Amino acid sequence: ATQHANHVMTVAAPSLAAAALLANLRTVVVRPATPENVGMIARSLRCCGLTQNLTLLSPQFDLVPDSQQSSGRTNYDVSTANPNRINPRAKKTASGAVGVLKCAQVVDSWEGATSHCSLVIGASSRPLVEELGATISSSEVEGNYADDISNDKPIYAPRECIKMIMKDAKLIHESVAVVFGPEHGGLSNEELQNCDAYLCIPTDPTFPSLNLAMAVQIWAYEVRLATLEGNG
């Protein structure tokens with residue numbers, strides 16, 4: 001019989017710059033409809049090292065049912081509400097990533113989700129954002145973000161988007177929000193217009209619709225690759 005040696009793959013920890021990016025990069029989900037999707041989003045983020053800064057804007061369910069700390073369904077930090085009473089449907093699909101949900105923030109306004117961010121990037125389909133006058137960014141991102149948006153708001157594929165952020169030494173240490181819309185319809189035109197740039201996943205144009213959690217997973221994966229490559 002052939003003997004196979006046991007090989008253990010080791011992956012270097014993110015560099016200091018990458019660690020700063022991970023600590024400051026926010027994932028905002030607007031009006032999510034189901035706790036199952038939010039649980040899957042938490043699992044996707046956790047698998048890729050994004051363990052902090054999940055924000056839910058006006059979720060259509062109670063993430064922490066019967067929480068005495070919350071005002072209705074919105075405006076509370078799960079960590080100070082009742083992290084042990086997280087919605088069981090979200091908890092189930094989060095699997096071992098319940099810690100991401102325990103650190104989540106629930107807010108009821110766009111300003112509450114993004115006002116502290118230096119850059120807000122809205123995830124949407126390319127045809128929709130092109131209708132709003134955005135322009136496709138070059139795959140070779142040069143310079144910094146401030147120069148990049150001097151004219152029209154750019155459209156980035158996930159890989160180019162995270163490269164753009166990482167190449168800006170200032171942005172790495174500031175809050176950057178990537179905003180995903182609800183399962184049915186995505187972000188509204190008004191919400192997209194409030195963004196500084198756009199994230200568009202290059203799907204098959206004949207079937208461009210992605211599940212919300214899938215879209216977050218693709219973004220999180222590109223962030224993971226970029227932060228590991230940043231170690232040199």
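Let's start on the surface. Leu210, Met214 and Ile218 form a nonpolar patch there, with about 230 Å² of accessible area together. A patch takes residues with over 30% relative accessible area and no salt bridge, and joins nonpolar side chains (Val, Leu, Ile, Met, Phe, Trp, Tyr) within 5 Å. A salt bridge is a Lys or Arg side-chain nitrogen within 4 Å of an Asp or Glu carboxyl oxygen. Areas are Shrake-Rupley values with a 1.4 Å probe.

A word on the source. This is a predicted model: local features need pLDDT of at least 70, side-chain atom pairs count only at pLDDT 80 or more, and totals for chains, interfaces and linings use all residues. Numbering runs from 1 along each chain, and side-chain values use heavy atoms, without hydrogens and water.

Back to Met214. Met214 sits in helix 10, residues 212–229; helices are DSSP runs (H or I) of at least four residues, numbered from the N terminus. Met214 counts as partly exposed because its relative accessibility is 49%. Buried would be under 20%, exposed over 50%.

Now inside. The largest nonpolar core has 51 residues, and Trp219 is among those that touch the most other members. Helix 10 gives this core its largest share, 8 residues. A core joins buried Ala, Val, Leu, Ile, Met, Phe, Trp, Tyr and Cys residues through side-chain atoms within 4.5 Å.

Which residues does Trp219 touch, beyond four places away in sequence? They include Leu25, Pro158, Ile165 and Phe180. Contact means heavy atoms within 4.5 Å.

Last stop: Thr93, in helix 3. The side chain of Thr93 reaches the backbone oxygen of Ala90 at 3.3 Å.

Key: Patches are made of residues with over 30% relative accessible area and no salt bridge: like charges are joined within 9 Å, nonpolar side chains (Val, Leu, Ile, Met, Phe, Trp, Tyr) within 5 Å. Helices (H or I, at least four residues) and strands (E, at least two) are DSSP runs, numbered from the N terminus. Buried means under 20% relative accessible area, exposed over 50%, partly exposed in between (1.4 Å probe, protein chains only). A polar contact is a pair of N or O atoms within 3.5 Å; within protein, one must be able to donate a hydrogen and the other to accept it, and residues adjacent in sequence count only if both atoms are side-chain atoms.
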